[in-house]
Amino acid sequence: MIPSMKDKGMLPSARQTMARPRGRVSTVGAFACDICGTTFTKNFNLTRHKGKCAGTKIYHCQICQKIFHRTDKLQIHMAMRHPPQILCNNNF
């Protein structure tokens, strides 16, 4: 068994400490759009983005006709710009 640096009473140098990966390994740019070249860290985000680049996924607001490429963005728009009107039919 090879004695470690700790056994010899030595501490690792700053260079050796920095060389070791800590935590999550970076995957920046692992998935790239073949249409525009935008890179993503997750394949899910690339797949969602491709609908926008290809122009295949288009969602319209039923009230103001604003265009969105993602349903979650349309839902946020609806909640912020066109909140549901609560009607009260009770006669007090």
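Biologist: How much space lies in the largest pocket?

Modeller: The model is a predicted one. A pocket here is an open set of points on a 1 Å grid over the protein atoms alone, where a 1.4 Å probe fits, with protein on both sides within 12 Å along at least five of seven lines. Volume is the space filled by probe spheres set on the points, which are joined across faces, edges and corners. For the largest pocket that gives about 170 Å³.

Biologist: What ground rules apply to the numbering and the model?

Modeller: Residues are numbered from 1 along each chain as its sequence is written, and side-chain values use heavy atoms, leaving out hydrogens and water. Local features need pLDDT of at least 70, while totals for chains, interfaces and linings use all residues, and side-chain atom pairs count only at pLDDT 80 or more.

Biologist: Which element gives the largest share of the lining of the largest pocket?

Modeller: Lining residues have an atom within 4 Å of a point. They are F40, N45, R48, H49, K52, H69, R70 and K73. Helices are DSSP runs of H or I with at least four residues, strands are E runs of at least two, and both are numbered from the N terminus. The largest share, four residues, comes from α2.

Biologist: How many charged residues has that lining?

Modeller: Asp, Glu, Lys and Arg count as charged; Ala, Val, Leu, Ile, Met, Phe, Trp, Tyr, Cys and Pro as nonpolar; the others, Gly among them, as polar. One lining residue of the largest pocket is nonpolar and three are polar. The charged ones number four.

Biologist: In what order do the elements run from the N terminus?

Modeller: The protein chain has three helices and four strands. Their order is α-β-β-α-β-β-α.

Biologist: How many disulfides does a search of the whole structure find?

Modeller: A disulfide is a pair of cysteine sulfur atoms within 2.5 Å. The sulfur of C33 has its closest cysteine sulfur in C36, 3.8 Å away, too far for a bond. C61 is in no disulfide either, as the nearest cysteine sulfur, that of C64, is 3.6 Å away. The total is zero.

Biologist: What is the relative accessible area of C61?

Modeller: C33 counts as buried at 4% relative accessibility. C61 is buried too, with a relative accessible area of 0%.

Biologist: What distance separates the C-alpha atoms of A54 and I35?

Modeller: A54 is found in helix α2. At 46% relative accessible area, A54 is partly exposed. A54 and I35 are 19 residues apart along the chain, and their C-alpha atoms are separated by 7.8 Å.

Technical notes:
Buried < 20%, exposed > 50% of the residue type's maximum accessible area, 1.4 Å probe, protein only.
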